[in-house]
Amino acid sequence: MDAARALRTIAFHLERRGEPTYRVAAFRRAADVVAGLSEDELAGRTRRGTLTELKGIGKRTAEVVADAVAGREPEYLTRLLAQAEPEVSGGAELLAALKGDCHSHSDWSDGGSPIREMAEAARELDHEWLTLTDHSPRLTVARGLSAERLREQLDVVAELNAELAPFRILTGIEVDILDDGALDQEPELLNRLDVVVASAHSKLRMPKQAMTRRLLAAVSNPRVNVLGHCTGRLVVGKGRPESEFDADAVFDACREHDVAVEINSRPERLDPPRRLLRLALDVGCRFAIDSDAHAPGQLAWQRLRPRGGVRRPGGAGGEHLARRRRGGLDAGVRRACPPLSTPYPPPSTPCPALPTPCSAFRTSCPSLEPRGVRPPYPRGCPT
Ligand SMILES: [Zn+2]
Ligand SMILES: [Zn+2]
């Protein structure tokens, strides 16, 4: 195994199991250093035991390199792989149809890795695409992107896409839903993006009526494709209770405006809770199963079985655990959302009510809309 690759694989698996960034960063930094060495220098330094003289290589990373150079799977990696948490069982058909991820972050906002690294990790997971959804300006704590920086990012993504094709990075944003339901980015810029995930990150405890109005305003905005982590709850540590809102009304609006309800797979979120997921299914919503990854290894969370030890606020128990263990994602979600790899309705289906072919129902998930066509069309196409 190539030494740099071994170090990156270790970093991936540390992130996959939720290790803090500082532990992971050492392996990624060492990978960069090793990648910059010639084969001869790497072999020579390994032989002489002088790897640790290089800035960015410590005792542990040097051991990994030595194993890799000797043609062995590094012991550290072997141990990690043996401890790796299993993927969810059940829902195989739906999982096989998952071709990408609508929600991820890079080091342009509060993610830990460059866009390229996120894209390459997604490709290794057999994704065909990854949507980059860095934060919007008001989320300063997460280094939200100004309009100017987002425009810059679009150019960077275009260059990377030319290089990584046929893999595709879809352009996007996780745009803050402001207190009044407005979106925290220039409308024209949102129009240029392939996918807009709208999430509330502030004033999560506002009164039920106000929160309902806020979410309704957001999901009825034609620029929104996905409603991100709709309750805002946190289920680890001290936790955070769910925001209160009229879920019937909000999910109805999601269906009406073809906004996907996100199933956020972050272990500390697992949002929405099971009862709301069931409600959204009954309403007939579309879903986006997202990792909300802030590091390459977290992209694997989309398929990861939540830990048995996850505590729920207020003692509510095991909702997502139960849902995933039973493969309960499968039947219900399929009812609401066709297999994600299948264009729906078929691209050739014209809407008789419109002069141009209608894609009004194909805007919430990029795998359904591979060209990322935004909806200039009227909503509610009769087909
Ligand atoms: Zn968020
Ligand atoms: Zn996010």
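Predicted model: local features only at pLDDT ≥ 70, side-chain atom pairs only at ≥ 80, totals over all residues.
Leu270 is buried, since 24 other C-beta atoms sit within 10 Å (buried takes 20 or more other C-beta atoms within 10 Å of a residue's own, exposed 12 or fewer, partly exposed anything in between, with C-beta atoms placed from the backbone). You'll find Leu270 in the loop between strand 5 and helix 12, and its phi is near 40°, a positive value in a residue other than glycine.

Residues are numbered from 1 along each chain as its sequence is written, while chains are lettered from A and ligands numbered from 1 in the order in which they are written.

Now move along to Asp292, another residue with a positive phi, near 55°, that isn't a glycine. Asp292 is found in the loop between strand 6 (287–290) and helix 13 (319–325). Asp292 is buried because 26 other C-beta atoms lie within 10 Å. There's also a cis peptide bond between Ala165 and Pro166, with omega about 10°. Pro166 sits in the loop between helix 8 (147–164) and strand 2 (168–176).

Stepping back, the protein chain has 14 helices and 6 strands (DSSP runs numbered from the N terminus, with helices being H or I of at least four residues and strands E of at least two). Of its 383 residues, 45% count as buried. Take the contacts between residues at least 6 apart in sequence, and 73% of them join residues at least 24 apart (a contact means C-beta atoms, placed from the backbone, within 7 Å).

What about the inside? The largest nonpolar core has 80 residues, and those touching the most other members are Ala3, Leu7, Val196, Ala198, Val219, Cys254 and Val261. A core here is a set of buried Ala, Val, Leu, Ile, Met, Phe, Trp, Tyr and Cys residues joined through C-beta atoms within 7 Å. Helix 1 (residues 3–16) gives the most to this core, with 8 residues. Domain 1 (3–83) and domain 2 (92–336) both give residues to this core, so it lies between them; the domain bounds come from an automatic or database assignment.

Cys254 is a handy place to look around: setting aside residues up to four places away in sequence, Cys254 touches Val219, Leu227, Val259, Val261 and Cys285. Cys254 and Val219 also turn up where two helices meet. The axes of helix 10 (residues 208–219) and helix 11 (residues 247–256) come within 9 Å and cross at roughly 5° (axes are lines fitted to C-alpha atoms, for helices over the stretch in contact, and angles run from 0 to 180 degrees between N-to-C directions). That makes helix 10 roughly parallel to helix 11, the label for angles under 35 degrees. Helix 10 brings Thr212, Leu215, Leu216 and Val219 to the contact, and helix 11 brings Ala249, Val250, Ala253 and Cys254.

Last stop, His127, in the loop between helix 7 (115–124) and strand 1 (129–132). His127 counts as partly exposed because it has 19 C-beta neighbours inside 10 Å. His127 and Gly100 are 27 residues apart in sequence, yet 4.8 Å apart in space, C-alpha to C-alpha.

Conventions. Parallel < 35°, antiparallel > 145°, perpendicular 65-115°, else oblique.
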